[in-house]
Amino acid sequence: MSDALLPLLIATPLLAAILPLLLGLRFDHAGWPVAMATSLTVAGLAGWLAWAVSPASSGSQRFVHDLAGYPAPYGIELVGDGLSAILVVLICVVAVAVLSYARTTGPDSNAFYSGFLLLTGGLLGMALTGDLFNLFVFLEIVGLVSYALIASSDDGRAAYGALKYLFLGTTGASLYLIGVGYAFVATGTLNMGDMATELAAVGYSDPLVQAAFGFILIGFMLKIAIFPLHTWQPDAYTYAPDTVSAFIAALVSTTAAYALIRIAYDVFTVEFFAANPLLTDAVLLIASISIVVGSLLALLQSDLKRVFAYSSVAQFGMILAAIGLQSETALFGAVIHLVGHGLMKATLFMGAGVLASAYGARTVADYAGLAKRAPITSGMMAVAGLALVGIPPSVGTLGKWFIALGAIETGSWGVAAVIFISTLLTLLYIGRLLETLYFTQPATAGGDTDVAGDANGGSIVADGGDTQDSTSSDGVAAIATERIVVVVVLAVSTVALFGAAGLFAELLDPVFGRFFQ
Amino acid sequence: MTDIIGVATTRHAYVLFVLLSAIGLYMMIANENLVKKIIGLNMFQTGIFLFFVTSAYRIGGSAPIVEDGAGPYVSPLPQVIVLTAIVVGISLTAVGLALTIRLYTEYGTLRADALREVIGDE
């Protein structure tokens, strides 16, 4: 009966999304408990799914559920296998972490928690669907809710960032829809598994099939934010509330990248890439440019959230490169890097959020000497930052290592060199952050122009043991303990996953066995 | 070349699809007025819907109510897809307009270039 898990995973958060608004008519703070209870339930189901598809259980390692009992290819299929299980678990873990973090910071409205649950449901839908048009619907649910959540900040610039995202995101989804339309005209089916066989029958060098893949690729590149289609991303991440930045940066692009992997390898398959070497080269070229330019732009930013946003452009360039390499090793690295990047960015954005609400620090310069006053959060940001560079032992090392190894195995020395250069550039911008955090003296002289808290000599360490007692005088706001705990747990997970390569391999081997027959 | 002319004269719907989508996309990029940008986005999507609906059309096809001996039928699937996509498009328009109203109350302008100047976007 494990296949009933799949619709439950999607339906639970979507249906529960009504509750915060409904209960909000009676209770002012109904949102958080409902969202937390739902997220924990879904996380439990996700754990069950991951166990069920792993070789540890005796059952099948690929679950298929026909919605409403209509068999494929006529009905919509939900598919759970090792690859989607990894994504589902990541989504649930980040959702629970972000919710724990959001308890005190808000945005404290019931509508926010409804949106949060809708977004979780949409992301889970994207991870589990086996139907191309159904994927479009979930893509748009995710998009719509993201726009609304980004705009939930009081800052007017957030609405601007959200509108920009809306234009570009919708264009991306529409281009994807055109691609699906072409593939549908070519094959007459929308089911992923069915389309894979039909496409092979039509022929991979058919112009219609090539155009279909081109549109789908560009649509996803917009959604994933690959240079030069990344322009929505820095504004959206920077102006969104800290909680939302962390959630969206960790999951939305990640799930879109997963969907691209799924379509590229499960629907179009490796033979399509082999039949179209020009297209493969183009993907590798764009990915390489995205890696280098994203890293360079990250280096030039002064606002910390913007640094992290541009860094995402570079990291997703690396994942796109792995998709173009058609190597099992590189794709394995890409999946690990998806998970690792999600956890690292969640840590960094949440850590930045803690420091921003405690000390008003928004730019890299504001971080001068903060490590002395917020040792735990700074330390954890340092850990996640170094993981992003790829310093072992961390999940960032694993992902980059396998992608680079795949590049060398397939003889793509250019991509391997680009990954190496980008690692150096990442080290530069993370190093600049660490240098400011740990070795720069805060500019206390004068004090008037400084950020809140700097002028007060920093007598209160908001980040530490008994934060509940610390007062919010002297411009240093008290930080709830659980926010710091969440940052610590996520940072530790980025290190701990270094030892999890075997676990990933167990889950992914059956899936990649189908991809690379 | 004759191929292109042949397609353009016999496949009117595809020509219209390309024109509508391209005009919509151009309007969204080139027009500085936010409301007109949203109209452009709608046009772009409408072009895509048109493509789906025409792809299902069959000369002499009847509505897909299956009986013995009847047929051929038009494919109902693209029409269902377009219905869903229209709903998605309407929600997007609603969110877009809501954000536009918020920007207007905050900054008093509907022009994207003026907003970029105020916000200091690079």
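Where in chain B does B:Asn33 lie? B:Asn33 sits in the loop between helix 2 (12–30) and helix 3 of chain B; helices here are DSSP runs (H or I) of at least four residues, numbered from the N terminus. Keep in mind that this is a predicted model, where local features need pLDDT of at least 70, side-chain atom pairs count only at pLDDT 80 or more, and totals for chains, interfaces and linings use all residues. Residues are numbered from 1 along each chain as its sequence is written, while chains are lettered from A and ligands numbered from 1 in the order in which they are written.

**Around B:Asn33**
- Setting aside neighbours within four places in sequence, B:Asn33 is in contact with B:Leu110 and B:Arg111 (contact means C-beta atoms, placed from the backbone, within 7 Å).
- B:Asp3 is 30 residues from B:Asn33 along the chain, and their C-alpha atoms are separated by 39 Å.

**Where the chains meet**
- Chain B brings 27 residues to the contact and chain A brings 22 residues.
- On chain B's side, helix 3 (34–55), helix 4 (77–107) and helix 5 (112–119) each give two or more residues.
- Helix 4 of chain B supplies the largest share of that side, 14 residues.

**Confidence**
- Chain B averages a pLDDT of 85, and 96% of the residues score at least 70 (pLDDT is the predictor's confidence in each residue, from 0 to 100).
- For the complex, the predictor gives an ipTM of 0.91 and a pTM of 0.89.

Conventions: Contact = placed C-beta atoms within 7 Å.
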